[in-house]
Amino acid sequence: MDNGEVRVGMIGYAFMGTAHSQAWRTVNRVFDLPVRARMVAICGRDGPKVAAAAERLGWAEPLTDWRELIARDDIDVVDICTPGDSHAEIALAALAAGKHVLCEKPLANTVDEARAMTTAAADARSSGIRSMCGFNYRRVPAVAFMRQLVADGRLGTIRHIRAAYLQDWIVDPQFPLVWRLQRERAGSGALGDIGAHIIDLTQYVAGQRITGVSGLTETFVKERPLPLAAAGLTAASAATAEYGPVTVDDAALFVARLDGGAVATYEATRFATGRKNGLRVEVNGSLGSLVFDLERLNELEFYDGTAPGTEQGFRRILVTEADHPYLSAWWPTGHIIGYEHSFTHEMRDFLAAVAAGEDPTPSFADALQVQLVLDAVERSARFGSSWIKVEP
Ligand SMILES: NC(=O)c1ccc[n+]([C@@H]2O[C@H](COP(=O)([O-])OP(=O)(O)OC[C@H]3O[C@@H](n4cnc5c(N)ncnc54)[C@H](O)[C@@H]3O)[C@@H](O)[C@H]2O)c1
């Protein structure tokens, strides 16, 4: 830190790079924090493109080698917005260089990588170095409020969790073989990309951890045309006439037990025709239920089983009050917020923790636990959906 400034360097400038840039630009304009973020450098591999991104997204300097970014003395935080195949290498180098690290989810492509990152983060912590994984949906105010209601006992004992994250962007078999469909780049498919989100979100809301799973995965389209250029989720590039194998799951489904006694179902798919980014979580407890739907992210449905029988029913809570999480910093009551705010809240929490000398959450250890669940689901699917315990 320098004069109350936290100097940030970010790697990757496409989908998440854009979302994170918006959050770094905004966070100190909205939240009153003891430190300010300064956007020092952005890194990509293509010189002209990263220069244009720096200009567009508000970074002072473009760089083309992430090692150069990490070696700089005027950078305190390394923000990793690249595909999973580079998370471990970059994070380990950044932690070794004494940088705080914010790493996009899933933490890594394998349990071994995630373990190495968690060990390095724990070692760095003794020197005051902080690390966090970017499970941004925790920072949607309605989700954070859902957790508060559960923690306050308003749902009683949690019995059921029902989570689905549904997309449809690869229903077309001609959609090209982008990095998200390649195991060596992405680790897994829908499971790690969007399944990881609902694993983290539900464990966070319920305050319980998954102890075992039985799952299945499916790859509906086994070969796809190779893309003409690298492309992520947002910009599908044109395809070539040559085909390559899809090496990840298109869909993953699993049932789970949690350590607080809840049972759960999870579904993550990129083949739910018509569902663009449908993330829905329902929690049923002995005293009530809560439902969150990302397409209506300013709302929660709450069924309060303690109300008089004549008045019971699901009611809609508009989560825009100043007393709701994060919202006192935004607009007057009823003035809704959106997807990008979850990232601003992520940067707020990260900066606040760095300033306070505290560990932000979710930690790398929390994200390793998600990775263990992903791994357990894949192993279960491989062995006929047999029950696989998740290490504590
Ligand atoms: N939190 C969320 O909701 C969310 C949403 C989407 C993606 N993600 C995660 O964010 C990460 C990135 O995903 P994305 O959708 O932004 O991907 P993307 O393809 O849109 O962008 C990846 C970026 O990384 C750059 N890059 C790749 N390898 C690099 C390297 N070796 N050195 C420098 N730059 C490199 C690419 O040029 C590109 O700018 C993934 O881990 C993904 O799972 C999180």
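1. A residue is called near a molecule if one of its heavy atoms lies within 4 Å of that molecule. By that rule 25 residues surround the ligand, and the closest are Met 16, Lys 105, Asn 136, Trp 179 and Arg 180.

2. Please keep in mind that this is a predicted model, in which local features need pLDDT of at least 70 and side-chain atom pairs count only at pLDDT 80 or more, while totals for chains, interfaces and linings use all residues. Residues are numbered from 1 along each chain as its sequence is written, and side-chain values use heavy atoms, with hydrogens and water left out.

3. Sorted by class, the shell around the ligand holds 12 nonpolar, 8 polar and 5 charged residues, where Asp, Glu, Lys and Arg count as charged and Gly is among the polar ones.

4. A polar side-chain atom of Glu 104 is 3.1 Å from a nitrogen atom of the ligand, whereas for Thr 82 a backbone N or O atom lies 3.3 Å from a ligand oxygen atom. The protein covers 90% of the 840 Å² of accessible area that the ligand has on its own, as computed by the Shrake-Rupley method with a 1.4 Å probe.

5. Among the buried residues are Phe 145, Met 146 and Leu 149. After H6 comes Gly 153, whose phi is positive, near 85 degrees.

How values were computed: Buried means under 20% relative accessible area, exposed over 50%, partly exposed in between (1.4 Å probe, protein chains only). Helices (H or I, at least four residues) and strands (E, at least two) are DSSP runs, numbered from the N terminus. A polar contact is a pair of N or O atoms within 3.5 Å; within protein, one must be able to donate a hydrogen and the other to accept it, and residues adjacent in sequence count only if both atoms are side-chain atoms.
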